[in-house]
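I opened this notebook to keep track of what I look up in one structure, entry by entry. The structure itself comes first.

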Amino acid sequence: MLSPKSKGIPSGNKEGLITSVKRNYLVLFLILASLALMFWAGWANFESRRQQAARIKAQHMALEPEAENAYVSPLQGKPAPAFTLNDLSGKKISLADYKGKAVLLNFWATWCAPCKVEIPWFLKLREQYAGQGFEIIGVSSDDLDKDDKAQLFQQKAEISKFVEQQKMTYPVLIDGEAISRPYGGVDSLPTSFFIDRQGTVVAQTVGLVPRDEIEADIKKALGGN
Amino acid sequence: MRFCKPVAAALFFVASVAAHAQFPTADKPQQSSARGGDSVRYLFPEQVTIPAKKASLVELHFRVADGMHINSHAPHSKLLIPTNLIVAERPGVNVSAVDFPAGADFSFSFSPKEKLSVYAGEFILKAMITAQAGQHLLEGGLRYQACDSNSCYPPKTIPVALNITAK
């Protein structure tokens, strides 16, 4: 049925038909190439998201054991660096004065909001464990202008006022900066060191940590583990 | 030619899709934390041109590192250390006033009732500067005290330098 018509196609039209077929092939090729590119882009997107999800999961998994084990101090297991500092009345106090006691050495400052949160916990924990030979030493890291007597007097007065307001009944020493270095450069507050009866650092916390963690570290320092 | 337009449109669409796809290449660098380092950065300007002998307002842009905040110029408690701009006196240039933005209210999660007045992200100080004709280098520092969500860091001063051309 087709032959009469095909026979009757003029030569000019034939060339046009061939060009049209070629163009169709080209279009078909381009469409297939486009689909392939779309598929590849989709796959790339999916693969990227899958890898990102895997990375987040890995980070999450890496964080969990850290939360359980908490921060490990470079001083852990080492003797607590010896020091002598003045308290607010000018009396010299040394770490050696607390030999045989478990000590929580807490670095704080009047301008440190998280430090204020710990203080009521410390007061209760001190009361709770004092009978077992536990003591807290607060070390103020507030700047002291030692060359300017008037300024120094003012700064000490501000620390005293804070101590009074917070009802800090445990010993408070000043000029924490002077002993920051041997304690690893205390650059964030609050920071606490837990020292056992033999004078060994058994734990350190940096920043505000839950009360339970502080209590667990006190028990560690007392030798209860 | 009747196929060309749809094909071109399809290709453009595919190219757009491909351009927006996230390819599994090298990781993006992680944002660094400012712990222990500078929590605040002076952004700009490094130089300004102002009319000579006429008080001019110059905006100084700073940025607080992500996850950190600093006390505003007027913190709610006297115990907290306010943010301040310290300017070294120089002949021929004078900073007559500095306008600090109001702080945003912030509470630590462990103490939600206590409101602090802080700067976070980018903030701008407006300095009123008068200078004699010529080139001047204004040197100073921004003193601040920073905290993150559960730690605070000792007060720090970062340098601020500004080249002033007055004409």
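**Conventions.** I am working with a predicted model, in which local features need pLDDT of at least 70 and side-chain atom pairs count only at pLDDT 80 or more, while totals for chains, interfaces and linings use all residues. Residues are numbered from 1 along each chain as its sequence is written, chains are lettered from A and ligands numbered from 1 in the order in which they are written, and side-chain values use heavy atoms, with hydrogens and water left out.

**Chain A.** I found six helices and seven strands in chain A, taking helices (H or I, at least four residues) and strands (E, at least two) as DSSP runs numbered from the N terminus. From the N terminus their order is α-α-β-β-β-α-β-α-β-α-β-β-α. Of its 225 residues, 40% count as buried, that is, under 20% relative accessible area with a 1.4 Å probe and protein chains only.

I looked at strand β6 (residues 191-195) of chain A, which is joined to β7(A) by five bridges and runs antiparallel to it; pairing requires at least two bridges found by DSSP. A:S192 stands opposite A:T205, and among the five residues between the strands A:G199 takes a positive phi near 85°. In β7 (residues 201-206) of chain A, five of the six residues are buried.

**Pocket.** Which residues lie nearest the centre of the largest pocket? I noted A:T110, A:E158, B:K78, B:L79 and B:I81, out of 21 lining residues. Helix α4 (residues 149-165) of chain A gives the most to this lining, with nine residues. A pocket here is an open set of points on a 1 Å grid where a 1.4 Å probe fits, with protein on both sides within 12 Å along at least five of seven lines, and lining residues have an atom within 4 Å of a point.

**Sheet in chain B.** I recorded an open sheet of four strands in the order β7-β8-β4-β11 (chain B), paired antiparallel. Its edge strands, β7 (104-106) and β11 (146-147) of chain B, each pair on one side only. Two bridges join β4 (residues 69-71) of chain B to β11(B), and B:H69 has B:C147 as its bridge partner there.

Methods:
Buried means under 20% relative accessible area, exposed over 50%, partly exposed in between (1.4 Å probe, protein chains only).
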